[in-house]
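Please open the model in your viewer and keep the selection tool at hand. We will walk from one selection to the next, with a few words on what is there.

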Amino acid sequence: MTLLLAGAQYTPWLAPTTRLSSSSSSSASSSSSSSRPPLLVKAAAVEARPNSKPIGLQVLPADRTEELQAEARAMARAANATVYSPEFLSANYGNRPIKVIGRALEITVALGTFALKLFVDQKKGTLDQNMKKRAAELRIIFTRLGATFVKLGQGLSTRPDICPPAYLDELSLLQDALPTFPDAQAFACIETELGVSLESIYSSISSSPIAAASLGQVYKARLKYSGQIVAVKVQRPGIEEAIGLDFFLIRNLGFLVNKYVNIITSDVVALIDEFARRVYQELNYVQEGLNARRFKKLYADKADVLVPDIFWDYTSVKVLTMDWVEGVKLNEQEAIESQGLKVLDLVNTGIQCSLRQLLEYGYFHADPHPGNLLATPDGKLAFLDFGMMSETPEDARSAIIGHVVHMVNRDYEAMARDYYALDFLAPDVDVSPIVPALQNFFDDALNSTVSELNFKTIVDGLGTVLYQYPFNVPAYYALILRSLTVLEGLALYADPNFKVLAASYPYFAKRLLTDPNPYLRDALIELLFKDKKFRWNRLENLLEQGKKDQDFSAKDALQPVLKLLLAPDGEELRTLVIREAVRVTEAISIGSIVDTYSYMPDFMRTLVFNGSARPPLAMSDSELAIMIELRDRVLRIWGLLRTSESFDPALLQPILQTLQQPEARTLGGRVVGGITQRMAARLLQQVLRVPPAPAASSL
């Protein structure tokens with residue numbers, strides 16, 4: 001078994017366990033007790049009473065009051081947590097030239113050597129040839145320079161507008177694999193932060209870390225009074241100082257880039273500030289605990305998703321205590337299958353949960369690499385490490401779904417315009433040069449259906465376009481691409497033919513059919529109508545896919561379109577629907593006549609049709625085939641709605657209520673009038689027996 005947490009790669013727990021007794025108090029405890037805040041003294045006194053209620057049980061929903069009190073105590077401990085402040089960094093390091101110059105030289109030598117190699121490659125014309133090699137070298141340099149540059153490299157790996165694809169691939173391999181720091185320092189940190197001695201908290205704790213990451217390392221322990229096994233993450237000593245110095249230097253470099261490097265149009269200092277804020281948030285473990293709680297509330301309602309609980313009385317800015325999760329990394333296929341589990345089932349769970357994160361609630365896990373996703377023995381997908389979270393703006397959630405619709409329709413002009421809504425482009429940027437680039441890529445990629453496309457192929461192709469044009473990819477979107485690419489990569493271990501877009505289709509179909517959002521409603525109409533003709537095959541496909549989503553509700557399907565149909569601005573849609581209603585009524589009527597005729601014995605046909613052996617309808621074979629196909633498709637669609645798990649006769653109630661409105665009566669009258677005219681024309685054709693000209697299919 002392995003556990004992965006905090007971006008680190010966990011090895012099986014083979015380290016010896018330290019048993020703690022009441023007589024073995026560490027020096028850190030004694031040294032910190034005198035300066036212990038009053039609030040922490042109270043917490044320690046409660047913990048020391050043998051007959052007190054086990055604090056570890058406080059996270060149970062049965063005692064919400066106690067949990068909130070514990071959370072409040074943890075937040076009080078984090079009241080003075082450091083936040084990113086450029087002014088503070090300037091004041092702190094501006095008068096420490098020796099320290100600043102020493103670190104600057106270390107960084108300059110490492111990155112300067114790399115830049116020199118790039119310069120030589122450019123002069124020799126081997127820049128593209130050596131790009132993959134140089135990308136690997138940059139990854140190694142970032143690892144050697146420490147936590148700030150590891151985080152920086154991971155951030156760059158999500159920015160296709162800044163880095164070429166070869167660098168994106170290589171930097172995405174960066175792992176938080178840094179050397180461990182002494183256990184004595186870790187144990188002293190726990191005692192200082194929580195204000196109690198180690199032996200008063202744990203009956204045992206691993207004598208060495210289970211894993212080490214760039215910001216901290218993790219121990220496995222057993223709580224003394226509850227007996228629960230927990231993971232204890234302890235922050236690396238001096239990490240705040242090291243990161244602060246690095247960002248002070250990087251930010252000053254950003255001012256120089258803004259001033260002298262014209263090729264970069266973005267505000268580099270603003271980008272650095274945004275990135276630094278995210279890193280500093282990761283240094284606050286109480287905030288990470290709050291992130292985990294919010295994530296659990298939103299997404300752990302599904303039985304196949306697991307989010308560990310936080311033990312607030314044992315959590316502070318530099319110490320995080322949560323449930324220990326037993327499980328296997330999601331990319332360890334053999335270990336997973338040996339437990340009778342399937343990797344693809346777990347990946348599908350991850351994809352569906354990610355889609356809810358990205359497009360439903362907008363609050364998502366921004367770092368879902370294999371180290372943060374575990375397959376538990378009972379088949380659940382466990383999410384770990386909530387230090388890096390992000391949010392998708394509400395408008396962007398709908399725009400992303402609309403973007404997929406435009407891709408399906410190969411509407412590249414609309415795709416280009418979507419980049420305004422997604423905040424990729426400033427409103428004054430002309431998208432016309434971008435349209436041919438999108439068309440060149442997708443016309444080639446879409447030789448197959450969209451559901452058969454590899455997501456990474458799309459990301460790489462879009463990355464090339466983004467890199468060549470003046471895009472400014474928002475952080476949330478870059479993290480979305482990374483998230484879904486990682487999940488597809490995990491699935492490819494188990495099935496080389498897996499396609500994340502195909503697995504995502506049911507969710508997209510459900511949202512299009514049921515979401516009242518005006519943007520999605522318009523996207524659905526755009527998908528269903530083309531050249532003023534209704535595409536029944538698209539509706540049938542949407543319903544087939546939507547039914548695969550466990551949250552699909554037949555009752556809600558198409559309600560947004562129905563409401564628009566009767567809205568004051570829905571005249572154009574009403575005209576299309578009236579025309580289609582007439583066609584469908586005609587198709588069902590003609591289909592019924594043909595079916596009845598085909599079941600008649602020959603002698604009855606002669607009697608009914610006055611001795612004529614000709615078919616009952618004066619129609620060409622092609623037109624009749626189109627009508628029968630339309631009738632059959634409509635009946636199949638109705639069958640899909642009826643066989644939905646959520647189908648109920650009450651499905652028709654909203655429609656009937658809507659049809660009672662004055663606007664609906666007018667609409668109904670227009671439909672009846674159209675049907676009457678059409679049937680009259682058919683009757684005249686029958687009397688004259690003149691077959692109409694063949695009609696083109698619009699299915």
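Select helix α12 and show its buried residues: they pack against α4 (86-93), α7 (147-156), α11 and α13 (285-299). This is a predicted model, in which local features need pLDDT of at least 70 and side-chain atom pairs count only at pLDDT 80 or more, while totals for chains, interfaces and linings use all residues. Residues are numbered from 1 along each chain as its sequence is written, and side-chain values use heavy atoms, with hydrogens and water left out. Helices (H or I, at least four residues) and strands (E, at least two) are DSSP runs, numbered from the N terminus.

**Stop 1: helix α12**

Which residues of α12 are buried? Pick Val268, Val269, Ile272, Asp273, Phe275, Ala276, Val279, Tyr280 and Glu282. Buried here means under 20% relative accessible area, exposed means over 50%, and partly exposed lies in between (1.4 Å probe, protein chains only).

The expected span is 1.5 Å times one less than the number of residues.

**Stop 2**

A salt bridge is a side-chain nitrogen of Lys or Arg within 4 Å of a carboxyl oxygen of Asp or Glu. By this rule the count comes to 21 salt bridges.

**Stop 3: two further salt bridges**

Select Arg356 and Asp301, whose closest N and O atoms are 3.2 Å apart in a salt bridge. Arg356 sits in helix α15 (residues 343-361) and Asp301 in the loop between α13 and β6 (305-306), so the pair links distant parts of the chain, 55 residues apart. Arg356 counts as buried, at 8% relative accessibility.

Next, go to Asp515 and Arg511, a salt bridge with closest N and O atoms 2.9 Å apart. Asp515 is buried at a relative accessible area of 16%, and Arg511 is buried at 9%. Then select Lys117, Asp121, Arg134 and Glu137, which salt bridges with shared partners join into one network.

**Stop 4: helix α5**

Helix α5 takes in residues 97-124. Its 28 residues should span 40 Å at 1.5 Å a residue, and its end C-alpha atoms are 39 Å apart, which agrees. Colour Val100, Arg103, Ile107, Ala110, Phe114 and Asp121, which are buried in α5. What do the buried residues of α5 pack against? Look for α4, α6 (131-145), α7, α8 (165-171) and α11. Just after α5, Gly125 takes a positive phi of about 75°.

**Stop 5: positive phi away from glycine**

Most residues other than glycine have a negative phi. Asp385 has a positive phi, near 60°, and its place is in the loop between β11 (381-383) and β12 (389-391). Asp385 is buried, with a relative accessible area of 7%. Jump to Asp423, with a positive phi of about 65°, in the loop between α17 (412-421) and α18 (434-445). Asp423 is exposed, at 53%.

**Stop 6: strand β12**

Select Ser390 in strand β12. Ser390 is buried, with a relative accessible area of 4%. Leaving aside neighbours within four places in sequence, Ser390 is in contact (heavy atoms within 4.5 Å) with Arg278, Gly362, Tyr363, Phe364, Ala366, Tyr476 and Leu479.

**Stop 7: an open sheet**

Display the four strands of the open sheet, in the order β6-β11-β10-β8 with mixed pairing. β6 and β8 (328-329) stand at the edges, each with a single partner strand, so one side of each is left without a neighbour in the sheet. Two strands pair if DSSP finds at least two bridges between them. β8 and β10 (residues 373-375) pair in the antiparallel sense over two bridges, and Lys329 stands opposite Leu374 in β10.
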